[in-house]
Amino acid sequence: MRWSAEVDGRLVECDVPGNASLAEALRGGAENTAVKVACGEGICGACSCLVAGERVHGCIYPAFRAYGQVIQTAASFADGPVARALVEAGGVQCGFCTPGMVVAVHSLSTDVPATEAGIRHALAGNLCRCTGYAGLVAGAVAGLQRLRAGEP
Amino acid sequence: MPSQAANYYRPQTPEMAVELLANLQGAAVIGGATLALGKLGGGRPSHLIDLCDAGLDRIGWRGHHLSIGATTTMRDLRRHPELSAPGLAAIMAMAGHFEPLPVAAQATLGGNLCTGVGSLVAPLLLYEAHAVLLGPDGERHAPIAPLRLHPGEIILSVELEPGSPMARSGCQSLRRTPVGPALVTLAALVDGDQLRLAVSGIEAPARRLRDLEGRWDRRSVAQWAESIAHVVRPIDDARGSADYRRAMVGVLAERLLKELLPTELREVH
């Protein structure tokens with residue numbers, strides 16, 4: 001089936017099976033490797049992306065439900081304050097969960113406090129197997145604060 | 001990447017969904033799709049019939065029953081004003097479990113029931129809930145535990161009796177992963193000195209513990225928890241042994257009853 005969406009600011013059109021997940025469409029159809037697939041069950045959050053501003057787990061989200069929508073992957077935020085803060089705080093080790101973490105922080109609404117407790121609760125759907133979370137959470141807090149301060 | 005021959009359909013009405021289901025081999029109906037696309041679903045369906053535009057996401061009254069549409073998401077359940085009464089807190093507690101996770105905006109009530117071990121089943125059983133189904137032979141009502149769909153049927157909604165506005169209810173569950181099936185879910189409702197109890201996950205199918213229900217007697221909370229652990233018939237599977245489940249339902253029962261009981265009853269014991 002022909003699939004189309006605006007992905008990271010670019011109009012993408014490709015052939016995608018009707019029963020594909022969004023992560024499969026983005027990686028296999030749109031060749032966007034900013035979306036990582038780890039658990040494939042909607043648990044780890046590595047495949048997090050935004051569909052019309054709403055965070056979803058791409059591995060369990062139907063590709064065609066996102067047809068024609070604006071989709072943002074970590075590639076949209078690669079040069080942003082959250083990604084920089086994660087690197088500076090030592091929040092990246094193997095890096096596989098990092099794209100999902102960056103997207104997740106960018107998706108947080110203003111009622112999520114930019115504190116350690118707030119971030120730990122809000123990022124419960126994003127798992128990391130390497131860092132032990134200390135640097136990652138510190139980086140996410142700093143990144144969210146910088147994002148809200150309007151840092152480009 | 002799955003087969004290119006697969007198709008995706010988004011019917012605008014439940015009747016159209018039933019017709020598609022009757023005519024497409026290997027098709028599956030999806031509400032949130034969290035199971036159909038994830039590895040937990042056990043195999044990708046050939047075609048997807050997505051109910052997201054079929055108008056099944058409404059919550060409202062149908063006579064004396066509160067009707068909750070099958071594609072109502074956990075997040076919408078959590079936020080709907082009709083479900084904010086203390087007597088319905090058990091449903092809110094389970095829906096709230098998913099709150100910080102993106103899956104909360106995707107996982108649906110219907111999907112939760114279809115898993116057979118859904119954690120919403122126990123709280124819904126407290127309110128005598130039944131499912132409203134639509135199939136080739138029309139609409140029918142069916143129990144939610146066990147929920148047995150005939151070939152070609154879809155879930156339209158779940159209807160329940162909210163009961164007294166003075167009631168208090170709650171729910172506790174234990175699970176291995178944030179979105180995986182619960183090993184044990186225990187729901188309870190206290191209305192005056194009357195008690196209702198239901199379990200899911202620990203038994204197959206989920207059920208009300210009617211033998212224990214009735215008037216709250218002079219037993220202590222710990223004794224009640226022991227009685228609950230005694231009457232359940234735990235299953236034994238890869239997620240947890242029967243002994244572990246039995247022990248855990250006792251722990252959850254004690255926590256839940258302490259939370260729900262009026263102070264004067266709690267202090268007696």
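Hi everyone, let's start with chain B, which has eight helices and 13 strands. Its radius of gyration is 19 Å, close to the 18 Å that the globule rule gives for 269 residues, so chain B is as compact as a globular protein of that length. Before I go on, please keep in mind that this is a predicted model.

Taken along the principal axes, its C-alpha atoms fill a box of roughly 65 × 45 × 35 Å. Of the 269 residues in chain B, 52% are buried.

Now the surface. Chain B has an accessible surface of about 11,700 Å², and carbon and sulfur atoms account for 51% of that. On the charge side, chain B carries 27 positive and 28 negative side chains, and the centres of these two sets lie 5 Å apart.

Side chains of opposite charge can pair when their charged atoms come close. How many salt bridges are there over all chains? The count comes to 23.

Glu13(A) forms a salt bridge with Arg2(A), and their closest N and O atoms are 3.9 Å apart. This pair links distant parts of the chain, with Glu13(A) in strand 2, residues 10-15, and Arg2(A) in strand 1, residues 2-7, 11 residues apart.

Arg2(A) has another partner to show you. Asp15(A) forms a salt bridge with Arg2(A), this time with the closest N and O atoms 3.3 Å apart. Here too the pair links distant parts of the chain, since Asp15(A) sits in strand 2 and Arg2(A) in strand 1, 13 residues apart. Asp15(A) counts as partly exposed, with 45% relative accessibility.

Back to chain B for the next pair. The side chains of Glu139(B) and Arg62(B) meet in a salt bridge, at 3.1 Å from N to O. Glu139(B) lies in strand 7, residues 138-143, and Arg62(B) in strand 4, residues 59-62, so the pair ties together parts of chain B that are 77 residues apart in sequence. Glu139(B) is partly exposed, with a relative accessible area of 45%, and Arg62(B) is partly exposed at 42%.

Which residues form a network? In chain A, salt bridges that share partners join Arg84(A), Glu88(A), Arg146(A) and Glu151(A) into one network.

One last stop, if you'd like to find it in the viewer: Ser164(B). Where does Ser164(B) lie? Look in the loop between strand 8, residues 154-160, and strand 9, residues 168-175, of chain B. Ser164(B) is partly exposed, with a relative accessible area of 24%; the cut-off for buried is under 20%. For a sense of distance, Ser164(B) and Leu51(B) are 33 Å apart in space, C-alpha to C-alpha, and 113 residues apart in sequence.

Notes. Residues are numbered from 1 along each chain as its sequence is written. Chains are lettered from A and ligands numbered from 1 in the order in which they are written. This is a predicted model: local features need pLDDT of at least 70, side-chain atom pairs count only at pLDDT 80 or more; totals for chains, interfaces and linings use all residues. Side-chain values use heavy atoms; hydrogens and water are left out. Helices (H or I, at least four residues) and strands (E, at least two) are DSSP runs, numbered from the N terminus. The radius of gyration is taken over C-alpha atoms; the globule rule is 2.2 Å times the number of residues to the power 0.38. Buried means under 20% relative accessible area, exposed over 50%, partly exposed in between (1.4 Å probe, protein chains only). Accessible areas come from the Shrake-Rupley method with a 1.4 Å probe; for residues, only the protein chains shown count as cover. Lys and Arg count as positive and Asp and Glu as negative; His and the chain ends are not counted. The place of a charge is taken as NZ of Lys, CZ of Arg, CG of Asp or CD of Glu. A salt bridge is a side-chain nitrogen of Lys or Arg within 4 Å of a carboxyl oxygen of Asp or Glu.
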